[in-house]
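Here is a short briefing on one protein model. Keep the sequence and the 3D view open as you read.

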Amino acid sequence: MTSALKALPNVHRACMIPACQGQASHPRSMSLWEHGLHLFRSAVGVVLPAPMLRRAMALKTDGCPRLVVRDRAFPVRRNLYLVGFGKAVLGMAAAAEEILGDHLIQGVVSVPHGIRACLQQAGMEEMLLKPHSRIQVIEGAKHNLPDREALRAASVIRELAEGLTADDLLLVLISGGGSALLPAPTPPILLEEKEKVTKLLASRGATIQELNTIRKALSLLKGGGLARAAYPAQVLSLILSDVIGNPVDIIASGPTVYSCPSAQGCLQILTKYNLLSILPRSVETVLSSSVSDPSGPKDYSHVYNVVIGSNSLALDEAKCQAEDLGYWTLILSAAVCGEVSRVAKLYSQLIQFVCLSTAGLGEGPLRDQVRGDLLKLAAELEIPGLNLVDPLKALQGLESERSVCLLAGGETTVQLRGNGKGGRNQELALQVALELHRAKATGAGYFLERCEVLFLSGGTDGQDGPTEAAGAFSSQELVDKAAQEGLDVETFLSNNDSYTFFSKFQNGHHLLLTGLTGTNVMDIQAILIRARDR
């Protein structure tokens, strides 16, 4: 697979990635598709693990050698061990080993299946460990699902942590995808039984917080279990966040953060999704014995958790790049959440409002109706950080020829109704296309035709669900063009079959194919709108 990230430029300035290297000199001569791809590449490039790690951590060798992270210094004297798990951890580990040198004694990381081959194929050798590395790499969790290799990796990590002493320092590298790559079910629960419960919860729309509560209750290492295993060694965790709001107890299910989920809380979640009657007996056994307060430290003063990268950083870079391209740009929120169909409706209404405003209809009953519907839906979704009142006023005052870029990040949820193949980003892109198609039959629809519109949604990890795509592009013309090829968008959506649709439509041209990127800070969405040439 050809990687869209193969030639990511170096990070080095205020807009950390040079704008559109090698592209046509005038933004107007570039397609919206080219602009969207550039913004996505730039957003991912700024949260690649090596530059983030180097910004966060330094080894000071003057006097007593010490590892400095923010305001803390950790003495090092060949007493340093490393473990890691997550989609970005391989690159983080490579950078960490380069920084730490001979002070690193041993390490083990659990990373996604196939990531080394993918990064090598993409020409991203800097994210690979050097020959004769002291860090063992175990690949597992194919298609984002825990498997036997991930289980083996968790066992090796646990064994390393349990062998440490009070004189040792354990560096823990954590990123999104860590939950699937660190499975350690509490006996007598089998891996397959634990996964059955989490799959059922996910299929019924459970939030990431609810999923992680259950995972922690059924795990030896999540919910602070790894920090307990490493005690009395000092634990330094560097975390790349893939969760809205960057809560360290939720990212990868908080293996270095104290947590003691109650049996009652777990049962309430399982009851909410009607799962109590079909629980495996082993899960009932663990929960009925109560998730008792575990042995080990209670204050976790031996642990220092630091978030070194997040979705907001990626969005800031995309905004800088969009402005360089001449767009009036707004970051809506780095915490977009909610069911895909409702989020798609929000984006569709935003696009309609922008098209009305750029057509010179910043005032009037039609604009007021769209604005009212938009604010009502935004209030219902309760997306953190999303306040549209002032941005809508600014949009009304834009010049008619001004191009607009709206950016957002976060993680939506998909209500499973069928057995098709897809992911939340592809489903969101397809649902936005359907909403825009429906809008064309309304009063605002006429003004949609006056604008070029591109919608892009992609996972920064390069993998959207169990597919090879990171996400997809869509537009207001997609549904009609698909019908000409005999593809009915609503049929594919009803079967949660967005990947199959995009694979067939125009020979897959609208799929966002990056390969595994080696990082993960949730999803990025971009809406690009410009007036058509008349």
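Predicted model: local features only at pLDDT ≥ 70, side-chain atom pairs only at ≥ 80, totals over all residues.

In strand E15, Asp523 is the bridge partner of Gly459.

- Six strands make up an open sheet with mixed pairing, in the order E10-E11-E15-E12-E13-E14.
- Its edge strands are E10 (328–336) and E14 (511–512), and each of them pairs on one side only.
- Helix H1 (residues 32–46) packs on the sheet and touches E11 (404–410), E12, E13, E14 and E15 (523–531). The direction of H1 makes about 30° with that of E12.
- Helix H16 lies across E12, E13, E14 and E15, and runs at about 160° to E12.
- Strands of a sheet pair through backbone hydrogen bonds, either parallel or antiparallel.

**Strand E12 and its partners**

- E12 and E15 pair in the antiparallel sense, over nine bridges.
- E12 (residues 451–459) also pairs with E13 (residues 471–474), again antiparallel, over four bridges.
- Which residues of E13 partner Phe455 and Leu456? Phe455 has Ser474 as its bridge partner in E13, and Leu456 has Phe473.
- Is E12 mostly covered or mostly open? E12 is mostly covered, with eight of its nine residues buried.

**Salt bridges**

- Side chains of opposite charge can pair when their charged atoms come close.
- The count for this model comes to 23 salt bridges.
- One of them joins the side chains of Glu162 and Arg158, at 3.1 Å from N to O. Both residues lie in helix H5 (residues 148–162), four residues apart, about one turn of the helix.
- Glu162 has 46% relative accessibility, so it counts as partly exposed. Arg158 is partly exposed too, at 33%.
- Another salt bridge joins the side chains of Glu490 and Arg438, at 3.2 Å from N to O. Glu490 lies in helix H19 (residues 489–494) and Arg438 in helix H16 (residues 424–439), so this pair ties together parts that are 52 residues apart in sequence.
- Glu490 is partly exposed, with a relative accessible area of 44%. Arg438 is partly exposed at 39%.
- Arg438 and Glu490 also belong to a network of salt bridges that links them with Lys345 and Glu435.
- Lys440 and Glu449 meet through their side chains in a salt bridge of 3.9 Å, N to O. Glu449 is partly exposed, at 36% relative accessibility.

**Aromatic rings**

- How many aromatic pairs does a search of the whole structure find? The search finds seven.
- Trp33 is partly exposed at 30% relative accessibility, whereas Phe473 is buried at 0%.
- Tyr258 and Tyr300 form an edge-to-face pair, 5.4 Å centre to centre, with 65° between the planes. Tyr258 sits in the loop between E8 (234–240) and H10 (263–272), and Tyr300 in the loop between H11 (281–288) and E9 (303–309).
- Tyr258 is partly exposed at 32%, whereas Tyr300 is buried at 6%.
- Phe492, Phe501, Phe502 and Phe505 form one aromatic cluster.
- Arg72 lies over the face of Tyr304, at 4.4 Å from the ring centre.

Conventions. Residues numbered from 1 in each chain as written. Heavy atoms only, no water. Salt bridge = Lys/Arg side-chain N within 4 Å of Asp/Glu carboxyl O. Helix = DSSP H or I, 4+ residues; strand = E, 2+ residues; numbered from the N terminus. Buried < 20%, exposed > 50% of the residue type's maximum accessible area, 1.4 Å probe, protein only. Pairing = 2+ DSSP bridges. Contact = heavy atoms within 4.5 Å. Axes fitted to C-alpha atoms, helices over the stretch in contact; angles between N-to-C directions. Phe/Tyr/Trp six-rings, centres within 6.5 Å; stacked < 30°, edge-to-face > 60°. Lys NZ or Arg CZ within 6 Å of the ring centre and 35° of its normal.
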